[in-house]
Amino acid sequence: MGQQRTDVCIIGCGPAGLILSQLLKLAGIDSIILERQSRTYVQGRIRAGVLEEGAAQTMIDIGMGERLKKHRMLHDGVVISLDGQRHRIDLKKHSGGRQISVYGQHDSVRDMIAFRLAAGDPIIFEAADVVLNEVKGDTPTATYQKDGETHQVTCRYIAGCDGFHGVSRKTIPDDEITEYHRAFPFAWLGIMAEVAPSSDELIYARHSRGFALHSMRSQTLSRLYLQVPLDTNVDDWSDEQIWDELDIRLGADENWQLNRGKIIQKDLAPLRSFVVEPMQYGNLFLAGDAAHIVPPTGAKGMNLAIADVRALASGLDKKINHNDPSGLEEYSAICLRRIWNAQRFSWWMTSMLHQHTDQDEYQQRIQFSDLEHLLSSDSYKNVFAENYTGLPFEV
Ligand SMILES: Cc1cc2nc3c(=O)[nH]c(=O)nc-3n(C[C@H](O)[C@H](O)[C@H](O)COP(=O)(O)OP(=O)(O)OC[C@H]3O[C@@H](n4cnc5c(N)ncnc54)[C@H](O)[C@@H]3O)c2cc1C
């Protein structure tokens with residue numbers, strides 16, 4: 001059996017795992033990343049695109065954000081469309097000067113992998129059948145299969161950064177954690193199209209036919225979404241039907257046209273919320289989607305993952321370098337305060353902007369009144385903007 005040794009074994013090479021590895025490196029702590037998929041697969045996975053100011057700055061500060069700094073689109077506001085009527089919320093004005101960065105998660109992941117590998121630090125791709133052992137002891141291990149051989153990493157701590165379907169959370173006995181779930185009764189049909197964005201800012205559209213979102217990943221790539229029933233088969237939607245429906249819900253008219261282009265990806269994402277408490281078990285710590293999921297409406301998933309690993313890296317630094325356990329003891333509580341706030345914000349945005357099949361006339365009026373209040377009240381806009389651009393980090 002191949003043997004390796006490190007301080008922290010990180011499971012998963014997504015944003016959480018990669019940023020944690022670099023934060024640890026800057027604190028002089030060694031880590032190995034084990035990733036189930038190939039490098040090509042991980043770098044090609046199209047997902048988030050909106051970074052809070054603090055999340056983007058974290059990537060820049062740790063040296064992994066050179067391309068982000070150069071190629072990101074900085075946005076000062078977002079647009080809310082109500083049945084075709086546009087209203088802009090000035091995020092910068094209402095958050096005390098903060099902006100959001102639009103830069104594809106797949107680009108960030110590609111940049112960070114290149115950065116780590118160029119520094120000679122290990123990422124083991126295609127590490128199959130990862131099993132975590134002795135996570136309550138002083139020397140936990142992670143075993144995996146690669147090239148027909150069994151390998152074992154012995155470490156002091158394990159960081160479970162392996163997403164919602166990973167092995168880390170499943171290693172924790174059921175009676176040691178509590179899981180909170182909420183599934184929304186609709187999904188998003190998402191497309192990535194090779195066409196310049198049709199708007200300088202994101203457009204969140206509430207429409208009687210369902211929600212739509214106009215987003216982007218670069219000057220030449222647009223990302224758009226439609227609210228659809230959960231049992232939708234994406235192949236039942238032709239490209240033309242998708243563009244026509246986006247036109248209607250986003251309010252295309254003689255003054256504003258939606259640019260159409262080649263659709264290079266179509267996907268269906270169910271919307272759900274999930275939190276596990278606590279986020280630690282012995283020397284195993286969960287971070288990112290392994291511990292929580294939010295519906296993408298509030299653009300919080302990747303941002304929460306970054307906030308988690310900042311807190312985890314700080315706790316590990318205190319313990320490993322200064323023999324102070326307080327950061328690790330507090331890890332779960334620190335993260336969960338931000339997570340529940342993001343859960344609330346994402347739930348609110350999702351509830352406010354979507355059509356709900358079980359919604360009666362009364363609830364529709366309440367929803368509309370909530371949106372009208374948001375669009376007419378500076379204090380409500382302040383609350384929206386400070387949440388959307390990201391609250392300050394606790395650590
Ligand atoms: C359609 C969509 C749109 C989104 N939009 C936004 C947005 O605008 N803004 C935002 O902030 N967030 C958004 N998100 C959420 C965001 O993409 C996630 O929250 C983010 O990827 C979480 O990062 P992570 O590192 O925790 O997990 P992941 O990115 O899921 O990474 C986990 C890694 O672990 C690996 N892994 C899994 N199991 C194992 C195993 N057993 N062994 C080894 N490795 C394993 C996986 O292959 C993966 O590489 C969106 C998500 C979706 C699906």
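A residue is treated here as buried if 20 or more other C-beta atoms lie within 10 Å of its own, as exposed if 12 or fewer do, and as partly exposed in between, with the C-beta atoms placed from the backbone. The structure is a predicted model, in which local features need pLDDT of at least 70 and side-chain atom pairs count only at pLDDT 80 or more, whereas totals for chains, interfaces and linings use all residues. Residues are numbered from 1 along each chain as its sequence is written.

Buried residues make up 45% of the 395 residues in the chain. The C-alpha atoms fill a box of roughly 65 × 40 × 40 Å, taken along the principal axes. The radius of gyration, taken over C-alpha atoms, was set against a globule rule of 2.2 Å times the number of residues to the power 0.38; for 395 residues a compact globule would have a value near 21 Å, and the chain, with 21 Å, agrees with this. Helices (H or I, at least four residues) and strands (E, at least two) are DSSP runs numbered from the N terminus, and the chain holds 12 helices and 21 strands. Two residues are said to be in contact if their C-beta atoms, placed from the backbone, lie within 7 Å. Among contacts between residues at least 6 apart in sequence, 73% join residues at least 24 apart.

The chain is divided into domain 1 (2-75 + 100-180 + 272-353) and domain 2 (185-271 + 354-387), with bounds that come from an automatic or database domain assignment. The C-alpha centres of domain 1 and domain 2 lie 29 Å apart, and 15 residues of domain 1 are in contact with 20 residues of domain 2. On the side of domain 1 that touches domain 2, the elements giving two or more residues are β5 (73-75) and α10 (326-353), and α10 gives the most, with five residues. The residues of this side of domain 1 divide into eight nonpolar, six polar and one charged, where Ala, Val, Leu, Ile, Met, Phe, Trp, Tyr, Cys and Pro count as nonpolar, Asp, Glu, Lys and Arg as charged, and the others, Gly among them, as polar.

Helix α10 also contains L353, which counts as buried because it has 22 C-beta neighbours inside 10 Å. When residues up to four places away in sequence are not counted, L353 touches Y204, R206, F211 and T297. L353 and G210 are 143 residues apart in sequence, yet their C-alpha atoms are 8.3 Å apart in space.

The ligand is surrounded by 36 residues, of which the closest are G12, G14, G163, G288 and G301; a residue is taken as near a molecule or strand if its C-beta atom, placed from the backbone, lies within 6 Å of it. The elements that give two or more residues to this shell are α1 (15-26) and α9 (301-322), and α9 gives the most, with four residues. By class, the shell around the ligand divides into 17 nonpolar, 13 polar and six charged residues.

Helix α1 has 12 residues and reaches 17 Å from its first C-alpha to its last, close to the 16 Å expected at 1.5 Å a residue, the expected span of a helix being 1.5 Å times one less than its number of residues. Because 10 of its 12 residues are buried, α1 is largely enclosed by the rest of the structure. The buried residues of α1 are P15, A16, G17, L18, I19, L20, S21, Q22, L23 and L24, and they pack against β2 (8-11), β3 (31-34), α3 (53-61), α6 (105-118), β13 (157-160) and α9. The helix is followed by G28, whose phi is positive, near 75°.

Helix α11 (residues 361-376), by contrast, is hardly covered, the count of buried residues among its 16 residues being zero. Its end C-alpha atoms are 22 Å apart, in agreement with the 22 Å that 16 residues should span at 1.5 Å a residue. Within α11 lies S369, which is exposed, with 10 other C-beta atoms within 10 Å. S369 and M352 are 17 residues apart in sequence and 9.8 Å apart in space, C-alpha to C-alpha.

Helix α12 (residues 378-389) has 12 residues and reaches 16 Å from its first C-alpha to its last, close to the expected 16 Å. In α12, F384, A385, N387, Y388 and T389 are buried, and the helix is followed by G390, whose phi is positive, near 105°.
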